[in-house]
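Me: I've got a model open on my screen and I'd like to know what stands behind the labels. Can we go through them one by one?

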Amino acid sequence: MQAKYPSDSICIMTDLVLPGETNPLNNLFGGELLARMDRAASIAARRHSRRIVVTASVNHVAFNRAIPLGSVVTVEAKVSRTFKTSMEIYIDVWTEDRESGTKAKANEAIYTFVAVDETGRPVEVPAVEPQTEIEKQRYDAALRRKQLSLVLAGKMSPHDATELKALFL
Ligand SMILES: CC(C)(COP(=O)(O)OP(=O)(O)OC[C@H]1O[C@@H](n2cnc3c(N)ncnc32)[C@H](O)[C@@H]1OP(=O)(O)O)[C@@H](O)C(=O)NCCC(=O)NCCS
């Protein structure tokens with residue numbers, strides 16, 4: 001299977017924050033942002049694998065900055081690394097200043113998707129070849145995040161998490 005670049009899978013979704021999507025402080029409701037990120041990540045995973053994909057885990061979400069009603073929000077998702085059947089998707093969320101048009105980073109998240117066949121059984125996916133400096137950094141750290149996610153999900157023993165041992169021991 002031929003390797004692909006992260007840019008081959010990029011999905012950029014831009015949308016407004018409308019009144020039904022906010023919390024009592026008139027900022028974007030967290031669950032709404034999670035859904036937008038899941039959709040964008042799912043499209044990126046599908047573009048990379050050309051398969052049916054399912055969300056296996058949400059590894060990390062940082063709601064660093066509230067996003068007010070009326071904002072223009074851009075969710076950008078790209079495959080950062082793949083393993084055998086799973087794909088790590090890195091998501092950056094930006095807001096856009098109405099007057100200047102300047103974009104500011106609001107949030108980021110990391111999701112794991114698995115490619116499956118029509119019966120839901122995991123299938124292999126192409127490798128990723130990172131190109132830019134940030135893509136290389138994200139690629140290098142992805143194995144650590146995968147092991148942490150598997151340990152937290154009870155699917156890997158901490159003793160087998162070689163990358164995490166290197167961090168803490
Ligand atoms: C995700 C799913 C396909 C994994 O199936 P499984 O029987 O556990 O299969 P495997 O153990 O072979 O795991 C498949 C891959 O997922 C990875 N994986 C599974 N759980 C994971 C987790 N919590 N975090 C990171 N990776 C995970 C495995 O490491 C493996 O990766 P690899 O092949 O690249 O090494 C299965 O659990 C599933 O269908 N879950 C429901 C998905 C869904 O409905 N999502 C929407 C939620 S509403």
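Me: Which strand does Met87 lie in?

Reply: Met87 lies in strand 4. Strands here are DSSP runs of E with at least two residues, helices are runs of H or I with at least four, and both are numbered from the N terminus. Before we go on, this is a predicted model, with local features needing pLDDT of at least 70 and side-chain atom pairs pLDDT 80 or more, while totals for chains, interfaces and linings use all residues. Residues are numbered from 1 along each chain as its sequence is written, and side-chain values use heavy atoms, with hydrogens and water left out.

Me: Why is Met87 called buried?

Reply: Buried means under 20% relative accessible area, exposed means over 50%, and partly exposed is in between (1.4 Å probe, protein chains only). Met87 has a relative accessible area of 1%, so Met87 is buried.

Me: What makes Ala40 buried, and where is it?

Reply: Ala40 sits in helix 1. Its relative accessible area is 0%, so Ala40 counts as buried too. Along the chain Ala40 and Ser157 are 117 residues apart, and their C-alpha atoms are separated by 31 Å.

Me: Why do Asn26 and Arg50 get their accessibility labels?

Reply: Asn26 has 43% relative accessibility, so Asn26 counts as partly exposed. Arg50 has 64%, so the label there is exposed. You'll find Asn26 in the loop between strand 1 (11-16) and helix 1 (30-49), and Arg50 in the loop between helix 1 and strand 2.

Me: What is noted about the phi of Asn26 and of Arg50?

Reply: Most residues other than glycine have a negative phi. Asn26 has a positive phi near 65° and is not a glycine. Arg50 isn't a glycine either, and its phi is positive at about 55°.

Me: How do you know that Arg138 and Asp92 make a polar contact?

Reply: A polar contact is a pair of N or O atoms within 3.5 Å; within protein, one must be able to donate a hydrogen and the other to accept it, and residues adjacent in sequence count only if both atoms are side-chain atoms. The side chains of Arg138 and Asp92 are joined by such a contact at 3.1 Å. Arg138 is in helix 2, and its relative accessible area is 14%, so Arg138 is buried.

Me: What about Ser71: buried or exposed, and what does its side chain reach?

Reply: Ser71 has 12% relative accessibility, so Ser71 is buried. A polar atom of its side chain lies 2.5 Å from the backbone oxygen of Pro68. Ser71 is in the loop between strand 2 and strand 3 (72-82).

Me: What makes a space a pocket, and what is the volume of the largest pocket?

Reply: On a 1 Å grid over the protein atoms alone, a pocket is an open set of points with protein on both sides within 12 Å along at least five of seven lines, whereas a cavity is a set where a 1.4 Å probe fits but cannot get out. Lining residues have an atom within 4 Å of a point. The largest pocket holds about 440 Å³ of space, where volume is the space filled by probe spheres set on grid points joined across faces, edges and corners. Its lining has 21 residues, with Ser57, Asn59, Thr112, Ser149 and Leu150 nearest the centre. Helix 2 gives the largest share, seven residues.

Me: What about the second largest pocket?

Reply: Its volume is about 220 Å³. Ser71 and Pro68 are among its lining residues.

Me: How do you know which residues surround the ligand?

Reply: A residue counts as near if one of its heavy atoms lies within 4 Å of the molecule. By that rule 16 residues surround the ligand, and Lys84, Thr85, Ser86, Lys146 and Ser149 are the closest. The largest share of this shell, four residues, comes from strand 2.

Me: Which polar side-chain atoms lie by the ligand, and at what distance?

Reply: One from Ser86 lies 2.7 Å from an oxygen atom of the ligand. Another, from Lys155, lies 3.0 Å from a ligand nitrogen atom. The protein covers 55% of the 950 Å² of accessible area that the ligand has on its own (areas by the Shrake-Rupley method with a 1.4 Å probe).
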